[in-house]
Amino acid sequence: MPVVQLGPERCDALLAFFGSLPEGDRTFIKEEVTDPDTVRSWATDSSPGGRWVAVDTGGEGGDGTGDVIGYVAVRPLPGWSDHVGELRLVVSPTRRGSGLGRELARRAVVEGVSAGLSKLVVEVVAEQGAALALFTDLGFSGEALLRDHIRDRSGELRDLMVLAHHVSDTWSQMDAVGIGDELDASAT
Ligand SMILES: CC(C)(COP(=O)(O)OP(=O)(O)OC[C@H]1O[C@@H](n2cnc3c(N)ncnc32)[C@H](O)[C@@H]1OP(=O)(O)O)[C@@H](O)C(=O)NCCC(=O)NCCS
C-alpha cells in the first residue's frame, strides 16, 4: 500500500477513516480527528515532523484518491521539549497484521530523525502486543510506565507505557534494522 505525505486531496478520505474507527483507537491521535477544519489544517502545517497516510489504491476513485487505511504522525512536543517528537499511529482494524503498522512507523522514524528530532516517544497501552513488538523492533524501549492511566471501552483502568527512541544512542540499532540506509538516502 502506498504511504504518502498528507496533502489537501487526502483530507476527506482521512476524515472518513477517523470516523470509521472505534473511539478507543481515535484517542491515540490526541487531536480533534473528527473535526474537518482541524484535519484540513494539517495538510498545510509546516511545523517540523509530519503526517502520512496509507492509501488503498484498490479503492482508487476517478478523482485520483483512494481510501485511507492507516495514519501516522510525528509531532514535536512544545517548548523546552521541542527536540522530542511524539509518534501517533493507527491502522484500520480490518487491515491489521499485514505489516502496514510497521511500514508507517518506519516512515515516521526516518522522517522524524531527518527533521532533526533527537528523541522520539510513543504511548502504547501496556497490553498492546502488536504496538510493543513493532516499536521495540524499531529501536524503542520502555521509559515510563503510567499505572491506571487510561480507561478502556468498558471503563477498566489500564496501564500506559511510554516507549522512547534516543536517536544518537540507537543509531547502531537503526543500522541493524536498515533505517540508517534510508536516512542516508533521504539526506542526499
Ligand atoms: C499498533 C497497530 C498500529 C499495528 O498495526 P498493524 O498493521 O497490525 O501492524 P503490523 O501488521 O505491522 O504488525 C507489527 C507487529 O506486531 C505484531 N503483531 C501483529 N498483530 C499482533 C497481535 N494481534 N498480537 C500480538 N502481536 C501482533 C507482530 O510482531 C508484527 O510483526 P511481524 O511483522 O513480525 O509479524 C494497530 O494495532 C493499531 O492501530 N492499534 C491501535 C492504535 C495503537 O495502539 N497505536 C499505537 C500507539 S500510537
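User: Which polar backbone atom is 2.8 Å from a nitrogen atom of the ligand?
Analyst: One from Leu 89. This is a polar contact, a pair of N or O atoms within 3.5 Å. The model is predicted: local features need pLDDT of at least 70, side-chain atom pairs count only at pLDDT 80 or more, and totals for chains, interfaces and linings use all residues. Residues are numbered from 1 along each chain as its sequence is written, and side-chain values use heavy atoms, without hydrogens and water.

User: What about oxygen atoms of the ligand?
Analyst: An oxygen atom of the ligand lies 2.7 Å from a polar backbone atom of Gly 97. For Ser 98, the distance from a ligand oxygen to a polar backbone atom is 3.1 Å.

User: How much of the ligand does the protein bury?
Analyst: The protein buries 71% of the 950 Å² that the ligand exposes when taken alone. Areas come from the Shrake-Rupley method with a 1.4 Å probe.

User: How many residues surround the ligand?
Analyst: 22 residues do, and Val 91 and Arg 102 are among the closest. Being near means having a heavy atom within 4 Å.

User: Which element gives the most to that shell?
Analyst: H5 does, with five residues. H5 is a helix, 129-137. Helices (H or I, at least four residues) and strands (E, at least two) are DSSP runs, numbered from the N terminus.

User: New topic. Where does the ligand sit?
Analyst: In the largest pocket. Sitting there means more than half of its atoms lie within 2 Å of the pocket's grid points. On a 1 Å grid over the protein atoms alone, a pocket is an open set of points where a 1.4 Å probe fits, with protein on both sides within 12 Å along at least five of seven lines; lining residues have an atom within 4 Å of a point.

User: How many residues line the largest pocket?
Analyst: 35 residues, including Asp 25 and Phe 28, which are among those nearest its centre. S4 gives the largest share of the lining, six residues.

Conventions: Polar contact = N/O pair within 3.5 Å; in protein donor to acceptor, adjacent residues only side chain to side chain.
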